[in-house]
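Have the viewer ready as you read.

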Amino acid sequence: MYRKIKGTEDIYGEEIKYWYFIENTAREVSRIYGYEEIRTPIFERTELFVRSVGEETDIVQKEMYTFEDKGGRSLTLRPEGTAPTIRAFVENSMIASGLPRRLFYIGPMFRYERPQSGRQRQFHQFGIELLGSSSPLGDAEAIMLADNFLRKLGLVDYKIVINSIGCEKCRPKYKEALKEYYSNILDKVCDDCKRRYETNILRLLDCKVDSSYAENAPKMKDYLCTECKSHYEETKKLLETLEVAYEENFNLVRGLDYYNGIVFEIHHSRLGAQSAIGGGGRYDKLIEEIGGPKTPSLGFAMGIERLIIALKKENVPVEEWRNNEVFIAHLGHEAKIEAIKIAEELRKNEISVVFNTMERGLSAQLKHAARLKCKLCIIVGENELERDVVILRNLETGDQVEIERTFIVGTAKEWLQD
Ligand code: AMP
């Protein structure tokens, strides 16, 4: 027997309603905020991710699904959605149709991480990108959109955490201060941090092995330049005016190199170790970095699998997918033809109909209808046909009546509404 690849999931049955609910809500909230969908390919040139996500990040160092295709190109299954979206924005000259451009995406991402609850190798994200806004209004809009999306889903046990990681003017000084602080305790930090000390000093603040050293480290807020500071303060003020609850965490840095200025994460209190349900921030230099014009931008991504865990933890009721409403059972050759016509009539009236396509007796057909959780069964038999009637049975109560052929659709609709 073949088995699925470690860290991937088959999504079906009872799970599907959660996916529809999240995807539909994501599309609806995006629509309300003026974002349009973009669907980029699942794989891109490896170079795109190395340049944008950053050579020294965990994603590029350890987690990418990279392979050579038959043409000898190095390709990578996308580990995140921003770089492909920006590539498409630049390649298709979207800037020509005016800025800002608001885009959203929903789809699978791939990272070679150690699988555990809430962490997979193929996972799915809903993300938005606001391309071409340098104003705090943009930061506030993205955070507000994220907050409204989560509320629309019915979640409450989450918090939005923000920070500013400064810009290329003020961050170098801060990095120096961090280097000095950590140089005295370098023998105590974990092996990954020893390596990051040389390559990606900010990431030491994010150490999962021991966070105590980060607590006493210098804070970016004390090093922000006037511009970064006023951008940060103005964004906070907007969030307060809009009554978006947030917390500050001066050790919040993101795992991708392209960020600057405001960064944020959203954590759910009942998700255990993998508590981040979303994260994002500003990336004012990324578009230039990958060959486009100077276009200050920002965005965020949410993990759909983690949102589903959160919905379940909070017992949020999710609407059942309305399928398998009526089962059509039939007995005899003539009945079969009439039954298929009845099925089509019901379907034209938006009723979900499962038609018996097996050669089997009535009791086996009814058993199958019950297993599919159909609400009603219409039984078409030769005897009844001669009298121009069919049997309508309520599978939940067992009630059944004979109805005239012409009243089937109307009666089925009435019974389904009860
Ligand atoms: P990131 O940009 O890496 O912070 O990812 C954004 C969101 O995607 C995270 O907050 C998670 O909810 C989700 N996510 C990231 N990596 C994984 C993974 N390996 N498995 C499941 N969800 C993930």
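How far apart do the C-alpha centres of domain 1 and domain 2 lie? They lie 49 Å apart. Domain 1 covers 13-170 + 224-313 and domain 2 covers 326-417, with bounds that come from an automatic or database domain assignment.

A word on the ground rules: this is a predicted model, where local features need pLDDT of at least 70 and side-chain atom pairs count only at pLDDT 80 or more, while totals for chains, interfaces and linings use all residues. Residues are numbered from 1 along each chain as its sequence is written, and side-chain values use heavy atoms, with hydrogens and water left out.

Helices are DSSP runs of H or I with at least four residues, numbered from the N terminus. Axes are lines fitted to C-alpha atoms over the stretch in contact, and angles run from 0 to 180 degrees between N-to-C directions.

| Pair | Angle | Axis separation |
|---|---|---|
| H1 and H11 (residues 304-313) | about 110° | 10 Å |

H1 is therefore roughly perpendicular to H11, a term for angles of 65 to 115 degrees. Contact here means heavy atoms within 4.5 Å. Tyr 18, Trp 19, Phe 21 and Ile 22 of H1 touch H11 residues Ile 304, Glu 305, Leu 307, Ile 308, Leu 311 and Lys 312.

On the H5 side, H1 contributes Phe 21, Ile 22, Thr 25, Ala 26, Glu 28, Val 29 and Ile 32, and H5 brings Leu 145, Phe 149, Lys 152 and Leu 153.

Definitions and conventions:
Helix = DSSP H or I, 4+ residues; strand = E, 2+ residues; numbered from the N terminus. Parallel < 35°, antiparallel > 145°, perpendicular 65-115°, else oblique.
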